[in-house]
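User: I am new to this structure and would like to learn how to read it. Please take me through some features one by one.

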Amino acid sequence: MKILGIETSCDETGVALYDKDQGLIADLLYSQVDLHKKYGGVVPELASRDHIRKTLPMIDQLLDEAGCSHQEISGIAYTSGPGLVGALLVGASIAKSLALAWGIPSIGIHHMEGHLLAAKLSSEPAQYPFVALLISGGHTQLLGCERPGCYAILGESLDDAAGEAFDKVAKMLDLPYPGGPEVAALALKGRKDRFKFPRPMTNKPGLNFSFSGLKTYTLNTLHGLKTINAGDKADIALAFQTAVVDTIRIKCQRALRETGYSSLVMAGGVSANVALRERLDAMATELNLNIYYPEPRFCTDNGAMIAYAGYERLIQGQTESHSINVRPRWPMTELPPIVNT
Ligand code: KG4
Ligand code: ZN
C-alpha cells in the first residue's frame, strides 16, 4: 500500500511516497525561502502561485525517482489545514484531481498531526498516552494524547508561537528569514550569563505560554545598549534562546507531572533546535521519562509527515468525497480518532 503525500500549507512544497512495508520510499522538498526573503516573511499570494508551479512537476519527479507508476498508489494525503488558504487550496485541488483521475481515495490531513506523527518515521513509536509538545511558526501547544487521533489541549500560547518569536527576534538582530535556525547558530557564539531573560508565565500555575513579552524584553535589551556589536547580538541571541528553552522545559515537566504520563513527543519546526533537544533529553534522563522527536529534516514542514499521517488514517478506511474543502483554522480537538475503539 503506497500513499502519496502533498504538503503546501505555507512556504514549502513537499511531496513524498510512504509504503506500508518499505516505509518512506521517496521524499522531495522545495523551499520558497528565497522568494519570500526580501519581504522578511511569507507573502501568501506568492506562496500559492509558486505551489501551483512546483507541485505537479515534483510529483512527476518523485514517481520517477521512486521507479513507481501511479497505478501502484493506493491513496493520496494532502494538508487540508491549518495554513494559508490559497496555499492549502493548491494542494487540495491537485490531490483531489489526481485521486479522481486515478480512481483512488484521498484524505485531508491536519498539518500539526502530520508534525506529531513524523517522529514515527525514524524512531520507535511512543506508547499512548503521552504529552505532545507542538512548536512551530504558527503553533505552540501542549496536548494530552490518550489514544491515536484523540487530542486534548493542556495549554497553548496566548500570543506569539515559539517559532514566530524566534523569527521576530531574528529580525531585531538583522538576521534573515526564517529566523529560528539563524538565532540558534548565532547563540552558539554567545557568552553565557551575560544577560538573564525572563521565563514568562512560569511563576503562575497553568500550562499556557506567552512569548510576546520576551520579544519586547529582547528589544528593550538591544535598545539599552549604547552601541551594538556582533558579540552583543550573539549574547542576546543566547539569552533569548535559553529563556525560550527553559520556559518550554518547565511547562513540559509540569504537563507530564499533572497528567501522570511518562512520555513526551515533541514536533514542529522549533523541535529542530539543538539546545531545546539537549535540554529536554536531560530532563527525560533526570526524571526517567521517554522522549521522542523527529529527525531534524522531518521537524520542519515536509511531505513525508503528510504521507505517513495519511497512511495511518487511510488504512483505517477513512476517506473523503471529491469536494474540495480546506480549513485554514482547525483545532486538533475536532479530529476524528485514528482508530475507533
Ligand atoms: O513547522 P514549521 O516548518 O512550519 C510551520 O508549520 O510553522 O516551523 C517553522 C518555524 C519557523 O518559525 C522557524 O524559525 C522555526 O520553526 N525553526 C526553528 C529552528 N528551525 C526552524 N526555531 C528555532 N531553532 C531552530 N533550529
Ligand atoms: Zn509546520
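**The zinc site**

Analyst: Along the chain, the donors of the zinc ion (ligand 2) have the spacing H-x3-H-x185-D. Donors are N, O and S atoms within 2.8 Å of the metal (3.2 Å for Na, K and Ca); water is not among the atoms, so sites may look incomplete. This is a predicted model, where local features need pLDDT of at least 70, side-chain atom pairs count only at pLDDT 80 or more, and totals for chains, interfaces and linings use all residues. Residues are numbered from 1 along each chain as its sequence is written, chains are lettered from A and ligands numbered from 1 in the order in which they are written, and side-chain values use heavy atoms, leaving out hydrogens and water.

User: Which residues coordinate the zinc ion (ligand 2)?

Analyst: They are His 111 (NE2), His 115 (NE2) and Asp 301 (OD), at 2.0 Å. Helices (H or I, at least four residues) and strands (E, at least two) are DSSP runs, numbered from the N terminus. His 111 and His 115 are separated by about one helical turn because they lie 4 residues apart in helix H4 (residues 111-117).

User: Is Phe 130 buried or exposed?

Analyst: Buried means under 20% relative accessible area, exposed over 50%, partly exposed in between (1.4 Å probe, protein chains only). Phe 130 has a relative accessible area of 5%, so Phe 130 is buried. Both His 111 and His 115 are buried too.

User: Where is Phe 130 placed?

Analyst: Phe 130 belongs to strand S6 (residues 130-135). Between Phe 130 and Leu 143 there are 8.4 Å in space, C-alpha to C-alpha, and the two are 13 residues apart in sequence.
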